[in-house]
Amino acid sequence: GFKKNNLNKESLFVNSLDLVLTERCTLKCSNCSNLMQYYKSPINSPEEIIIESFNKFMESVDSLNELRLIGGEPLINKSIYNIINLADATKKIKNIVVYTNGTIVPRREQLNSISNVNGLVFKISDYGSDLSRRIEPLTKLLDEYNIFTIREPINIWTDSGRITNHKRTNKELYDVFGQCCVKDCLTLLHGKLFICPFSANLYNLDKEKYSFVDYIDTSKASTAKIKEEIKKYLYKFKFQRACNNCN
């Protein structure tokens, strides 16, 4: 039905892309679902790699419903404001969402540079005043620039921040993948495109140990090849091998 039809269509509409701007974070959550707690020497993704891979991705798709700018803490990477304007200029993206933790307040000139971007949303994870210590001045300033803000209290943690070898059968992998809430949330990290944020950070943490992780190297693939592989990710995959390590 739906999946088969989309696999054969020329056009490609993607619901969600996580663009990872940095491995660095201002918080050290022990159970971070993006596995930031495992990074010994976290880095910002270089701006030229972000731009090159993002442009290649956008050339490969016809429409993107939601671009999610994430980390770590994405506001640590000062390139974020250039990236937001670049994304807006494509005219292919409905919403651009910045996922931040309420610890960094941008400068006025930085917010001014993005204040006219269509569909821009700041989604603030509110961990309480002790951790999200600058959330009040941040929300006040975003409001001043008429940037749409969602403040989300974090009261419940999912136990997804661990790397485990579950030794799952193919049937169990199929079931796990089928129930996954991010299996259609493609993730672009350091120029490589992954099926989900967990597999992206798993591979990034140890490329040799987790060499089995599925990814597309955007620097080596044509836009036609990237398009073909994205369709396989979204409509053909029954599970991925990284599901065995996900909790």
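A quick definition before we start: a residue counts as buried when its relative accessible area is under 20%. Over 50% is exposed, and partly exposed lies in between. Keep in mind that this is a predicted model.

Now use that definition. Is leucine 35 buried or exposed? Its relative accessible area is 0%, which is under 20%, so leucine 35 is buried. Find leucine 35 in the loop between strand E1 (13–20) and helix H2 (47–60). Its backbone deserves a look too. Leucine 35 has a positive phi, about 65°, although it is not a glycine.

Asparagine 146 also has a positive phi without being a glycine, here about 55°. That residue sits in the loop between helix H5 (135–144) and strand E5. Its relative accessible area is 69%, so asparagine 146 is exposed.

One more backbone detail. Where is the cis peptide bond? It joins glycine 71 and glycine 72, with omega at about 20°. Glycine 72 belongs to the loop between E2 and helix H3 (80–90).

Next, the pocket. The largest one has a volume of about 1,400 Å³. How many residues line it? The count is 50, and Cys32, Ser33, Asn34, Thr158 and Ser160 lie nearest the centre. By class, the lining has 25 nonpolar, 15 polar and 10 charged residues. Several elements supply at least two lining residues each, among them strand E2 (63–70), strand E3 (93–100) and helix H7 (197–205). Which element gives the largest share? That is H6, with three residues.

On to the aromatic rings. The structure holds five aromatic pairs. Take phenylalanine 194 and tyrosine 203: their ring centres are 5.8 Å apart and their planes meet at 45°, so this pair is tilted. Both partners are buried, phenylalanine 194 at 1% relative accessible area and tyrosine 203 at 9%.

Now compare tyrosine 210 and phenylalanine 212. Their centres are 6.1 Å apart and their planes stand at 85°, so the pair is edge-to-face. Why that label? Planes over 60 degrees apart count as edge-to-face. Tyrosine 210 is buried, at 8%. Phenylalanine 212 is partly exposed, at 26%.

Back to the tilted pair, because ring pairs link Phe194, Tyr203 and Tyr215 into a cluster. Tyrosine 215 is in strand E8 (residues 215–217). Its relative accessibility is 32%, so tyrosine 215 counts as partly exposed. What does tyrosine 215 touch, leaving out residues up to four places away in sequence? The list is Lys192, Leu193, Phe194, Tyr203 and Tyr233. And how far is tyrosine 215 from leucine 35? They are 180 residues apart in sequence and 18 Å apart in space, C-alpha to C-alpha.

Last stop, helix H8, residues 223–235. How long should its 13 residues be? The expected span is 1.5 Å times one less than the number of residues. That gives 18 Å, and the end C-alpha atoms are 18 Å apart, so the two agree. Which residues of H8 are buried? They are Ile226, Glu229, Ile230, Lys231, Tyr233, Leu234 and Tyr235. Here is a general point to hold beside that list. An α-helix has 3.6 residues a turn, so residues three or four places apart point the same way. Note that Tyr233, on the buried list of H8, is also one of the contacts of tyrosine 215.

Definitions and conventions
Residues are numbered from 1 along each chain as its sequence is written. This is a predicted model: local features need pLDDT of at least 70, side-chain atom pairs count only at pLDDT 80 or more; totals for chains, interfaces and linings use all residues. Side-chain values use heavy atoms; hydrogens and water are left out. On a 1 Å grid over the protein atoms alone, a cavity is a set of points where a 1.4 Å probe fits but cannot get out, and a pocket is an open set with protein on both sides within 12 Å along at least five of seven lines; lining residues have an atom within 4 Å of a point. Grid points are joined across faces, edges and corners, and a volume is the space filled by probe spheres set on the points. Helices (H or I, at least four residues) and strands (E, at least two) are DSSP runs, numbered from the N terminus. Ala, Val, Leu, Ile, Met, Phe, Trp, Tyr, Cys and Pro count as nonpolar, Asp, Glu, Lys and Arg as charged, and the others, Gly among them, as polar. Buried means under 20% relative accessible area, exposed over 50%, partly exposed in between (1.4 Å probe, protein chains only). Rings of Phe, Tyr and Trp (its six-membered ring) pair if their centres lie within 6.5 Å; planes under 30 degrees apart count as stacked, over 60 as edge-to-face and the rest as tilted. Contact means heavy atoms within 4.5 Å.
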